[in-house]
Amino acid sequence: MEFNISTNILRDQSKDLKYVVTPNATKIFERIFSSESSSNKSFTIIGNYGTGKSTFLWALEKNLLKEKIFFSAKLNCKYQSYQFLKIVGDATSLTYAFQKVLGLNNKSLKLKDGSSKEIIEELEKRRKASDKKKAGFVILIDEFGKYLEHINKNKESNDLYLLQLVSEWANDADKNTYFLISLNQNFVSYSSSLDLIDK
């Protein structure tokens, strides 16, 4: 086992990290995954730097894939496995980040009208493919504050709209989806230069 001061859900996905399961982490995991038929499947995990948000996401993935049980093996027995779409925040557009990870043609779609629609359509295609395999579909975005900082700096309301669309798309009781983001502060803390309506 390896001890990391900082965890990256992409870089460290194959590592065997030390993770100390706390009662609070267990409650969060159970709240997210305890009900298959819930229509609330979008969650924001907020905590100060160094409080273990990224390592929690790492452990959550290992648990759902049954590679290592940290929380519970019995939740959501409807799904035999899970497929993951993982993004780590960067000082760029959220739209571009989704386009990149989904393999969409960035030259034709980059921040143009319709790019949000194309992203949702691709997410739905992947969700249906997971569903055919009796697998849940989990979108993880770690360090989401970097996207909010970019939105605040560049006033890109398209990205806020995309965030809303993805959340609404995931919050469907009939879908096998979960959408989780991690933040160091609440949303309002990132909105200093936005218009009142965007705040």
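Trainee: By class, how many nonpolar, polar and charged residues are in the lining of the second largest pocket?
Mentor: This is a predicted model, in which local features need pLDDT of at least 70 and side-chain atom pairs count only at pLDDT 80 or more, while totals for chains, interfaces and linings use all residues. Residues are numbered from 1 along each chain as its sequence is written, and side-chain values use heavy atoms, with hydrogens and water left out. Ala, Val, Leu, Ile, Met, Phe, Trp, Tyr, Cys and Pro count as nonpolar, Asp, Glu, Lys and Arg as charged, and the others, Gly among them, as polar. By class, the lining has 7 nonpolar, 1 polar and 3 charged residues.

Trainee: How much space lies in the second largest pocket?
Mentor: On a 1 Å grid over the protein atoms alone, with a 1.4 Å probe, a pocket is an open set of points with protein on both sides within 12 Å along at least five of seven lines; its lining residues have an atom within 4 Å of a point. A volume is the space filled by probe spheres set on the points. For the second largest pocket, that space is about 190 Å³.

Trainee: Which element gives the most to the lining of the second largest pocket?
Mentor: Among the lining residues are Leu10, Lys86, Asp90, Tyr96, Lys100 and Tyr147. The elements giving two or more residues are strand 2 (81-88) and helix 3 (94-102); such elements are DSSP runs numbered from the N terminus, helices being H or I of at least four residues and strands E of at least two. The one that gives the most, with 4 residues, is helix 3.

Trainee: What pattern does the protein chain follow along the sequence?
Mentor: The protein chain has 7 helices and 4 strands. Read along the sequence, they follow the pattern α-β-α-β-α-α-α-β-α-α-β.

Trainee: What share of the protein chain's residues count as buried?
Mentor: Buried means under 20% relative accessible area, exposed over 50%, and partly exposed in between (1.4 Å probe, protein chains only). Of the 199 residues in the protein chain, the buried share is 47%.

Trainee: Are the rings of Phe29 and Phe71 stacked, edge-to-face or tilted?
Mentor: Rings of Phe, Tyr and Trp (its six-membered ring) pair if their centres lie within 6.5 Å; planes under 30 degrees apart count as stacked, over 60 as edge-to-face and the rest as tilted. By this rule there are 12 aromatic pairs. Because the centres of Phe29 and Phe71 are 4.6 Å apart and their planes are at 20°, the pair is stacked.

Trainee: How many residues apart are Phe29 and Phe71?
Mentor: Phe29 is buried at 0% relative accessible area, and Phe71 is buried at 12%. Phe29 lies in helix 1 (residues 23-33) and Phe71 in the loop between helix 2 (53-64) and strand 2, which puts this pair in distant parts of the chain, 42 residues apart.

Trainee: What is the angle between the planes of Trp58 and Phe70?
Mentor: Trp58 is buried, and so is Phe70. Their aromatic pair is tilted, with 5.7 Å centre to centre and, between the planes, 55°.

Trainee: Where is Lys134, which has a positive phi?
Mentor: Most residues other than glycine have a negative phi. Phi of Lys134 is near 55°, and this residue is partly exposed at 48% relative accessible area. Lys134 lies in the loop between helix 5 (115-132) and strand 3 (135-142).

Trainee: What is the relative accessibility of Glu143?
Mentor: Glu143 also has a positive phi, of about 55°, although it is not a glycine. Glu143 is found in the loop between strand 3 and helix 6 (145-154). This residue counts as partly exposed, because its relative accessibility is 26%.
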